[in-house]
Amino acid sequence: MPAVTRFVLCLPDLDLSFYWTRFRVQARVRVTEAGFRLEDVPVRSTTHQCDVLAALELGAGDVLVLRPLERDLPALVPHVERLHAAGARVLLLGDLTGVPPRVVHAQVRADHGEGLARATSLLARGRPVRALLLGETPHARVDAAALRARAPEVTHLTIAVPCTSSAPDAMRVHAQAQAAALLAEGRLGDGDVVLAVEDVLALGVLDALAAAGPRAPRLAVAGFGAAPDSLRALREGRLALSLFFDPGVWLDALLATLDAAPGGRMLLHAGMVDAGNVDAFQIAHATWLIATLEETVNQARAARQAAAFLDAVVENMPAMLFVKRLPGLRFEFVNRERARWLGIPRERILGRTVHDVDPPEAADLDTLSDHETLASGTIVDQPVTAVRRAGGDMRYVLTRKIPLLDPNGQPSHMIGIALDVTERELAEQALARRQQELEAAHQALKENQDKLLIAEKMAALGRLTAGIAHEMNTPLATIRAALGELDALVTEYAESAGDAEVTEEDHRQIVAEMRQCATQATLSAQRAAAFVRSIKHHTRDQGNEERVRFAVVPALEESILLLDHQFKRQRCTVHLDAPVPSLEVTGTPAGLGQVVTNLLTNAVDAGAQSIIVRAAESRAGIELAVLDDGAGIAPADLRRIFEPMFTTKPFGQGTGLGLAIVHDIVVAQFGGSIDVASTLGVGTRITLHFPHPGKDP
């Protein structure tokens, strides 16, 4: 047999019975010796058994030993089928209706009918008897027809109503009531036999006989299980005999079924215990009883140590822990931190409600949270609450509440864990205020930045206007002079008409001079028109302009032309070095014009006498460099030159936005990058890297 990982027992634990306790103790030895890892999961109710099976996860080769608390329990069937489908082997102790035979690896049952027939023969001693059968409980059932066939001594068989509960007290009361009714009717007499499939039922009959007084008939009562009270009744002669199934026999049968083919059925027969061998029975199991007691003592000692450790942890934890008992939500436990925080001795808290220890507002809020938690049936985190303590100080508390359920799934207690988060809450409030202040400052900064952008645009407009005035004045003056000269020539020509002294050659000379003036005016007008077109292209609204593929060199020429008057005023020469006139980039022409204009203006402001604008192809795309011999940039300022509103110019002479705008346009509109190299007193080189025209930024 291949070894498996787990061997799970899911057996009833209704009364800590003598029999099943012994079964579990022996299982720890035998199952472990067989190479399994034993897991004992005792169940207290049918609901509990369903919950245990629902949560149980087993794999291929694992073993589940199941004894249902009720034979007809449909809720168990899906879980048994699920575990079987997962590869687990299910061993069924007793009966469970509704389970297909294929999902049960083996079924082991006790033969109650044969045992009761043997008991009847022993008690009747060959004479006819009447019998009462207490034969149906959630754990057992006897075939009445088979019993009659096996026990011909029974002349009349009365079958009691079924007992619906597995609880010992309930079974005892049930048997007492059934027997008392038959005694009152005179249907049970001296020498009759009462047959019970559980010894607890037999003890109930003995209770009925004791209640009937000394005139009650003597009955021979049989039972199953050999519980301690039954053994005492056997010794005293009140119980005739008991049929006992040795737990070791059960365990041997269970382990044997694992080696057998699936679907097997095994029927176990009972051993007999009566007044003659009860002492031998008890002596034979004395060693086991002592071992059980020693193990119980060790478990109790370990439990006390664990409880002491847990108490130490709970008492010294920095969180406040409290437990309220339902239905009144009165404090059943508070730890030291909770009592210290409230400033009230623990004995004045226990047994009271929150309204007795907290201010009214806090108590109302806490009670409302309790009811919400109970209604949800889940863990609830109460929002941070401000609580004014008795001393007058305001504290902030974060509380988590947990409903504790009883075995029937109903809430019995409320557990609360609270933390004093005053320092954290005050810090968060201060942080929120600071954040509001920073947001207000950021808004003001943004407004100031917008104003500075407008100022920068106005300054740029001023520079542009000065360039326009300079560039337009020259052709306009030429046109005005040519038109004045032309007007004088027209007047001269008109006066010479009909003058005999004016020769034909004189007329031709006047016409030639007039044509020269017209030509000069036309050329100047064409120059002015070209300049206007350049201005229009350069000042187009780039925010609304779509990205296009355009030539670099014309855009550079237009930018240089616009600033020509500044270069002349500063006696600065500008040289355009563009060996490949067909270079192209993708972006906005106006954006590139503003970039070059800002760089050239900065170079002039730095005192440059010579500027070189160089455009060339590179491995990654296009490189555009502006080199000047100006004052240069200090190393400490290089890392800040692209920051908005950073400037090295005297106050009032610069906005600090020129290079920030350059950086935004190059990176955002063109997908490029910028390198800067500068030496104080030598000059500056600013290199713009643009991707290939077909590549988006």
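The chain exposes about 36100 Å², of which carbon and sulfur atoms supply 56%; accessible areas come from the Shrake-Rupley method with a 1.4 Å probe, and for residues only the protein chains shown count as cover. The model is predicted: local features need pLDDT of at least 70 and side-chain atom pairs count only at pLDDT 80 or more, while totals for chains, interfaces and linings use all residues. Residues are numbered from 1 along each chain as its sequence is written, and side-chain values use heavy atoms, with hydrogens and water left out.

**Overall make-up**

- The chain contains 20 helices and 24 strands; these are DSSP runs numbered from the N terminus, helices being H or I with at least four residues and strands E with at least two.
- Of the 697 residues of the chain, 42% count as buried, where buried means under 20% relative accessible area, exposed over 50% and partly exposed in between, with a 1.4 Å probe and protein chains only.
- Among the contacts in the chain with a separation of 6 or more, 68% come from residues 24 or more positions apart; a contact means heavy atoms within 4.5 Å.

**The open sheet and its helices**

- Five strands form an open sheet of mixed pairing, in the order β19-β21-β22-β24-β23; two strands pair if DSSP finds at least two bridges between them.
- The edge strands β19 (573-577) and β23 (673-679) each pair on one side only.
- On average, neighbouring strands of this sheet are turned by 10° against each other, direction ignored.
- Strands β22 (residues 621-628) and β24 (residues 683-691) pair in the antiparallel sense over eight bridges, and D628 stands opposite T684 in β24.
- Helix α18 (residues 589-605) packs on the sheet, where it touches β21 (610-617), β22 and β24, and its direction makes about 25° with that of β22.
- Helix α20 (residues 658-669) lies across β23 and β24 and runs at about 145° to β23; axes are lines fitted to C-alpha atoms, for helices over the stretch in contact, and angles run from 0 to 180 degrees between N-to-C directions.

**Strand β6 and its partners**

- Strand β6 is largely enclosed by the rest of the structure, because five of its six residues are buried.
- Parallel to β6 runs strand β7 (residues 154-159), joined to it by five bridges; R130 has H156 in β7 as its bridge partner.
- Four bridges join β6 to strand β8 (residues 193-196), also in parallel, and A131 stands opposite V193 in β8.

**Backbone exceptions**

- Most residues other than glycine have a negative phi, and most peptide bonds are trans.
- L326 and P327 are joined by a cis peptide bond with omega about 5°, and P327 lies in the loop between β13 (320-325) and β14 (330-334).
- L329, placed in the loop between β13 and β14, has a positive phi near 55° and is buried at a relative accessible area of 8%.
- R125 has a positive phi near 55°; R125 is in the loop between α4 (112-124) and β6 (129-134) and is exposed, with a relative accessible area of 71%.

**A nonpolar surface patch**

- F309, L310 and V313 form a nonpolar patch on the surface, with about 320 Å² of accessible area together.
- Patches are made of residues with over 30% relative accessible area and no salt bridge, like charges being joined within 9 Å and nonpolar side chains (Val, Leu, Ile, Met, Phe, Trp, Tyr) within 5 Å; a salt bridge is a side-chain nitrogen of Lys or Arg within 4 Å of a carboxyl oxygen of Asp or Glu.
- F309 lies in helix α11 (residues 286-316) and counts as exposed at 60% relative accessibility.
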